[in-house]
Amino acid sequence: MATVKLRDIRKSYGNVDVIKGVDIEIADGEFVVFVGPSGCGKSTLLRMIAGLEDVTSGTLEIDGVRVNDLEPSKRGIAMVFQSYAIFPHMTVRENVAFGLTINKASKAEKEEAVAKAARILQMEHLLDRRPSELSGGQRQRVAIGRAIVRDPKVFLFDEPLSNLDAALRMDMRMEIGKLHQDLGASMIYVTHDQVEAMTLADKIVVLKDGMVMQAGAPMDLYHEPANIFVAGFLGAPSMNFLDVTVHAVNDETVTISNASLDQIDVPHKGRTFTAGQTATLGLRPQYLHPAMGGAGKLHGTVILSERLGSETVIDLALADGSKIIAALAEDSILTPGAATNFDFDPNQAHIFPETR
């Protein structure tokens, strides 16, 4: 187990800046998830920690030691890749023990380490099989087992579940979470799936264009996003955004409206606004509900009603031609084409000075 510190880390390929001054601190035993869209730099950042990519500038420390120029094998890390990268001609036992074999560990050491990893991952019955006899989830367990036997200071996961179907992803997600609880190890996990990020992480680092947009506990980022990008990236369905006009700025709120939204006061949460400016209002679909008695703050026309059993997703068209989504926590029937009024608690809304 170890701490990991990135201080003003930068990565460039010629004149192209990929990582643009990243500062992150990962505590001993913490599970940190790097999340963001394709091309944001999350895998590059992970590979720099692993030593598979050079650091252009900045300081990278593992357990208090600067490792910028240290060989990957000497950093005390183990990495699980998106591809399983297991040898088809070897048994599961041989694959898991491969790193120890290369390091000339004794037979007793290998047997003990493999038995421990197999017990943790519940794959004792698979040890004598070959990869061709395994499912995708079982192959991923083998790859994780190979990392466990190295007893690393830090585990690195590079989108390890992206090759699995939805049911297997859920199972493996639970297993990785349990693995962290059992080992108490420092883990850094890269994904573009915000559900994985929200369910696994102690801390989420949201990246965009090689920069950190926000870092913190999952629910802190969900309830208090720093900007429009973080607000829209975390949460399913995604947050709705409406262009609004600021009419007045008060001590703790701003007064806003638009063609489909009645004038309301929304907490500005320390953000700076001026009367007359255009701003962006963020509304989570789960916080919208049909107005009681027909009166409501938000007015739209139902485009589509998707009844999913546990919830109903409503697509609404607004007066300016934009569309939003409401996620109702019950089975509801709203007729397409019907004019409908929705309500929400202004304290659950987010107002951003920037526009989309």
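I started at Lys 104, which sits in the loop between α3 (98-102) and α4 (107-120). I take helices (H or I, at least four residues) and strands (E, at least two) as DSSP runs, numbered from the N terminus. I number residues from 1 along each chain as its sequence is written, and my side-chain values use heavy atoms, with hydrogens and water left out. The model is predicted, so local features need pLDDT of at least 70 and side-chain atom pairs count only at pLDDT 80 or more, while totals for chains, interfaces and linings use all residues.

**Backbone entries**

I looked up phi for Lys 104. It is positive, about 60°, although the residue is not a glycine. Lys 104 counts as exposed, at 75% relative accessibility. My cut-offs are buried under 20% relative accessible area, exposed over 50%, and partly exposed in between (1.4 Å probe, protein chains only).

I found Ala 85 in the loop between β6 (77-80) and α2 (92-96). Ala 85 is partly exposed, with 45% relative accessibility.

Next I checked a peptide bond. Ala 236 and Pro 237 are joined by a cis bond, with omega about -5°. Pro 237 belongs to the loop between α9 and β11 (240-249). I noted these entries because most residues other than glycine have a negative phi, and most peptide bonds are trans.

**Ala 27**

Where is Ala 27 placed? I found it in the loop between β2 (16-26) and β3 (31-35). Its relative accessible area is 38%, so Ala 27 is partly exposed. Leaving out residues up to four places away in sequence, Ala 27 touches Ala 2, Thr 3 and Ser 186. Contact here means heavy atoms within 4.5 Å.

**Domains and their interface**

The domain assignment gives domain 1 (4-233) and domain 2 (240-353). Such bounds come from an automatic or database domain assignment. I put the two centres 39 Å apart, taken over C-alpha atoms. Each side brings 9 residues to the contact.

Domain 1 and domain 2 bury about 780 Å² between them, 53% of it on carbon and sulfur atoms. Buried area is the accessible area (1.4 Å probe) that two parts lose on being put together, summed over both. Which three residues supply 58% of the area that domain 1 buries against domain 2? I noted Tyr 222, Ile 228 and Ala 231, which supply more than any other three residues.

I then looked for charge pairs. The rule finds 1 salt bridge across the interface. A salt bridge needs a side-chain nitrogen of Lys or Arg within 4 Å of a carboxyl oxygen of Asp or Glu. The side chains of Glu 224 and Lys 269 form a salt bridge at 3.6 Å, N to O. On the domain 1 side of the contact, α8 (218-223) and α9 (228-233) each supply at least two residues. The largest share, 3 residues, comes from α9.

**Whole chain**

I counted 9 helices and 20 strands. The C-alpha atoms fill a box of roughly 75 × 45 × 35 Å along the principal axes. Of the 356 residues, 49% are buried.
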